Protein chains: 2
Amino acid sequence: MLQATASVIIALLMGIVGVGFVLWQTQRVLSHDQGNAVMRKIATAIQDGAGAFLSREYRVIAIFVVIVATVITLFLQWQTALCFVVGAIASAGAGYLGMYVAVRANVRTAAAASRGLHEGLRVAFGSGAIMGMAVVSFSLIGMTVLYLIFTGNPAQLTYITGFGFGASSIALFARVGGGIYTKAADVGADLVGKVEKGIPEDDPRNPAVIADNVGDNVGDVAGMGADLFESYSGSIIAAATLGAALGSDSAAAFIGLPFLVAAVGVMSSLFGIYMVIGEEQNVSLAVAYEDMSVTGRVTHFLRKQVARINENASLEDLLTALRRSVWGASVVVLALTLLTVLISGVSFNYWLVILVGLVAGNAIAYATEYFTSYTEKPTQAIANATQTGAATTIIQGLAAGMMSTVLPVLIVAVAILLSIWLGYKADGTIASGLYAVAVAGVGMLSTLGVTLATDAYGPVADNAGGIAEMSHLPDEVRQRTDALDSLGNTTAATGKGFAIGSAILTALALLAAYVTAAKIDNLNILGPTMLPGILIGAMMPYLFSALTMMAVGKAAHEIVLEVRRQFNVIPGLMDGTGEPDYKTCIAISTESALREMILPGSLAVVVPLVVGFILGKEALAGLLVGTMSSGFLLAVMMANAGGAWDNAKKWIETGQYGGKGSDAHKAAVVGDTVGDPFKDTSGPSLNILIKLMSIVSLVFATSFGSGWLSF
Amino acid sequence: MLQATASVIIALLMGIVGVGFVLWQTQRVLSHDQGNAVMRKIATAIQDGAGAFLSREYRVIAIFVVIVATVITLFLQWQTALCFVVGAIASAGAGYLGMYVAVRANVRTAAAASRGLHEGLRVAFGSGAIMGMAVVSFSLIGMTVLYLIFTGNPAQLTYITGFGFGASSIALFARVGGGIYTKAADVGADLVGKVEKGIPEDDPRNPAVIADNVGDNVGDVAGMGADLFESYSGSIIAAATLGAALGSDSAAAFIGLPFLVAAVGVMSSLFGIYMVIGEEQNVSLAVAYEDMSVTGRVTHFLRKQVARINENASLEDLLTALRRSVWGASVVVLALTLLTVLISGVSFNYWLVILVGLVAGNAIAYATEYFTSYTEKPTQAIANATQTGAATTIIQGLAAGMMSTVLPVLIVAVAILLSIWLGYKADGTIASGLYAVAVAGVGMLSTLGVTLATDAYGPVADNAGGIAEMSHLPDEVRQRTDALDSLGNTTAATGKGFAIGSAILTALALLAAYVTAAKIDNLNILGPTMLPGILIGAMMPYLFSALTMMAVGKAAHEIVLEVRRQFNVIPGLMDGTGEPDYKTCIAISTESALREMILPGSLAVVVPLVVGFILGKEALAGLLVGTMSSGFLLAVMMANAGGAWDNAKKWIETGQYGGKGSDAHKAAVVGDTVGDPFKDTSGPSLNILIKLMSIVSLVFATSFGSGWLSF
């Protein structure tokens, strides 16, 4: 087991390096200037709102954590409960830090954008990088320290599944609560502000405008971070657990591999981040290249990798800069994992599996981009359908969303098939094939530090634009923040691709770990309780989405009433002399998001337990398969339909089909509004539902029997 | 095998009785008067359009049938190909007859409604009964004759799977082609007529109005009929096949049971139909009840069962009349099957299984009604959401549709679980449990003759209303046809509940038969190709729905252009002096429906074969499970969301939230239009997709190997 322990210690050390970067970079971002007094005032309001929401949300989650930890202690053992609590705290900590920085980086991005485009990008992306690296390193440190505490005994790996459960719980509430918050505020602000009062977006007279800006952060930064924290941790735990079960002679190498891949992933991500935020330097050859020392040549090479972005950079240029950083990190991770695989003595096939994971993640991201970008046919077809009204816009959008599931499903199916086959060929069993699926998941997420940075950067740029608008900064600043914002919308597709792809691979690996842990011998798909389990499982994402969509509707309705009330009773609000009461809108969003997240959140934990106890452990496996397959499809459909409607509206706003204010635009706004809860609440929450249900089952695997009906 | 052959012969005889009823009833319906010259002219136009569509559709399908029959002969054997062709012809024949009568009963219903409400109901329902009994008896005769031809040897039951395949193929094209036709014409007529020109629905000036009325028949009569023909045949074939595999000592009874249940179902359905269309008679006790002969008492009892409907009957009264007939048939079928089970010597548990099937079918129908009726909360919540515009209407409708999946899934899951458990307890194997699932499916559909009548009656009443409107019949007539139409909308929920419930049970039974036929030993859900199969399977309903929804959009667009063109070039069309060219709109609907049905229809046949050959027979089982679970959910969601939007609009039209013409109504119209392809094209087609993919796999079961990847 020495090799496993050594790998874990290496991962721990890289986690500490990651934390070092996070601290250094946080201080660096916060040192930027915060602009003028108006900007600072708006930013403070957003910071206060976000802080208030997060601390209230964490208090609610704390109750849940205490209850679940007690249940785990009573029914299982205290070690798992401890890991559960640590997982919850680590995830919450990463989310808190990421958001703490994001709501401070927004105003600094706006200020930096006054000086130049690359300056703005560097601050915004730098703050995204803090979120990305915090997620990766907090997760690594948490898991490795727990592993080392529990003597490194692979049998005790089951305790560490508690860490994943804790992380999942936070993720679910953060995604659902944050998702409801952000869309309630957004829809509520738009319905009264834009539609009824005819004032523009981000207008400071709108009482819900600050809540809207807070929402971007609590939904997209904290929510997405917790989501991927969970996938990252879950994939490593699943791989280690499956690796430990593969047989004692090479178990150490199998357990160690995911940790080593994660460790080199940290380095690669740091390289990728450096490519964007490194200081631009003139790479003049003071000495001839041939005469340089090795260090000199490396330094020269590294300097050349820093993105160079000038003032007139197009969206395409900015996109290239971010893509180069993700791809750069991928190349580095492939090189380093090749070394790792060769040194650790596992089959070369596992490196191919890592390659499969990385390629699949990027391919899904590409497919997502194709189906949601307004330069491509599917979104343009939606824009075209706006000409015959809202109904055809919705039909076309739903159809496009359904169509967009084909490629991701085929990519994931091929990735699973190849991984199982490569693992099977390497070690001769289907179990080694399933281990390979987990490794593919780890590979897909190895560069998470930088891919999450490209995603978490978006809301910061979006907020920066809002602040620039509200504080009446010059047009050129607003143009720069708009460019950064558009970039964020496009890179969001990447994040979503990785989030859903990794969720499926992780969930499958967790399912395999569950089946092993529950000692299920016969998992015949025609077993007596299997199909009922699958059907109920397939229904869960629908029930869950119904609840979250209705929650957004209810919460938005409350915001609408409040905003209308303020416009009625506050004198001079419309002509800018009255002062809107931002805090009440923030309080309403907070209250309703917290209230509405309880039911769907609890269902995700309770249903697997109920099915496991009543219908038995085989039915529970069926439940997980049903939720996984149906949830995958629904999640992709909702996310892509939502993204495509959003961009179809933006396409029309560039002047197509009559541009802003035309009938076509009105139809497009209907599509966009329907898409809001699709893409930012219900859709992404399904990723977590899939993983959380799997990990709950894994944690309680040994408790389930054969159910109430005897066969 | 004598017992099996005897059962089959009884079923054949009851099939012949059914055909006798169909002929007698057809002559009876056609003998009603056809009203005035205007009515006859409109009716002739509808008849011509429907006839033209069906004969062109059948010509396209004939090509498909010839190709597939050739493939079956080459790769399997000519016997299966023969059964395939017979199945296709029997289904097409029932569909043709049902529609032939429906497009003649519509004008007779309108004429009969001039004389009274019950008169109208009797003609319309009588025509629905022809469809219902034609489906049941054509299917029974086809299967039993083929069974007898092939010497009654259970090993040759596999040939008869070809019959199911033939029926499925017709069903798919009828549903998809008819579904595209009806919604293209409907949406196209409304978008120009109601929205652009401001003329009412069913206005004879609208050039697409006849196509719209034709659509009701080709979509709802022929489509629904072929759908249930397929479920009915499939459930009997699956039960007989699984029964034959159960072991030789009682195989004869197991093979015979589904045929006997179907046979007594014919009698029960006839009784149920009689309860609605029997002549009303005064049941005066001329002789004291005590003094009557047995025959006299039976006659007296039967006479009392005929529904009595007076002129002022409310919707509730009419509904009660139809429900009594369905429930009456159910009671009779339960009594007769109890006798059958006791006589045939199988376990009493199988009677309980039939009970489970019937109860489940009715329970799903009830749940469907709850979620789509405007007197209930879910639909009223959608109506409420119209106040804040189209976007919230759509969000609320989708959420309600998703929520509406919970009950049907739980009902089906419990029905499957109970059936498997009862069958397992009866004969001790999981195989007998799966046989029981098939028997539950047969039980659910045993009263199909009458349940389908309540469903196929709807479009006739709808058409009658259109004819009454177009030929300017007095208001009271229109009120009566409106009452009949509302009734049809409500009973449609019943039909949809049975269609989807039976589709799942049948598909599961077919899957079990496939697994047996393909000789798959290990169907581990974590097998190497299983999860890729499941994911691809889960994707199929999304791909299929995307294609059909886009097809409706495209076809409707062509109709819109043509209707606009006619209003532009035909002088006096708007003021009623010009003559619209109905035929061109009919031709466009026909062409585009036939063109657009090819791709989704072929996919359903080709994908299982491709997956079976490339990924192997285990992956194909996974594919079927994935399609079944994901398709079930999507079908229920789409059907119920569509129905709820439709009724939310109707609720507003009763004067709620400002009534017709208000902003709320406009938002409701958007919801209704989105719901059109949901509930009448994509949603119901999924039932057939599920069954067709299963039966294709069963027919080719012996051809698949272990796929290209070696494990």
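Helix α3(B) has a kink of about 30°, centred on B:Ala105. The bend at a residue is the angle between axes fitted to the seven residues ending there and the seven starting there. Helices are DSSP runs (H or I, at least four residues), numbered from the N terminus. This is a predicted model: local features need pLDDT of at least 70, side-chain atom pairs count only at pLDDT 80 or more, and totals for chains, interfaces and linings use all residues. Residues are numbered from 1 along each chain as its sequence is written, and chains are lettered from A, ligands numbered from 1, in the order in which they are written.

How far should α3 of chain B span? Its 38 residues (78–115), at 1.5 Å a residue, should span 56 Å. The expected span is 1.5 Å times one less than the number of residues. The end C-alpha atoms are 55 Å apart, which agrees. The helix is mostly covered, with 30 of its 38 residues buried. Buried means that 20 or more other C-beta atoms lie within 10 Å of the residue's own; exposed means 12 or fewer, and partly exposed is in between, with C-beta atoms placed from the backbone.

In chain A, α3 holds A:Val107. A:Val107 counts as buried because it has 29 C-beta neighbours inside 10 Å. Leaving aside neighbours within four places in sequence, its contacts include A:Gln34, A:Met39 and A:Ile467. Contact here means C-beta atoms, placed from the backbone, within 7 Å.

Now the pair of chains. Chain A can be laid on chain B by a turn of 180° and a shift of 0.0 Å along the axis, with an RMSD of 0.0 Å. That is the relation of a two-fold axis. The superposition is by least squares on the C-alpha atoms of residues with pLDDT of at least 70 in both copies. Of the residues of chain A, A:Asn524 comes closest to the axis, at 2.4 Å (C-alpha). The same surface serves both copies: 100% of the contact residues of chain A recur in chain B.

The contact takes 62 residues from chain A and 63 from chain B. On the side of chain A, α17(A) gives the largest share, 14 residues. Elements giving two or more residues also include α16 (475–517) and α19 (617–653).

Two loop residues of chain A have positive phi without being glycine. A:Lys519, between α16 and α17, has phi near 55°. It counts as exposed, with 9 C-beta neighbours inside 10 Å. A:Tyr657, between α19 and α20, has phi of about 50°. A:Tyr657 counts as partly exposed, with 17 such neighbours.

Technical notes. Two residues are in contact if their C-beta atoms, placed from the backbone, lie within 7 Å.
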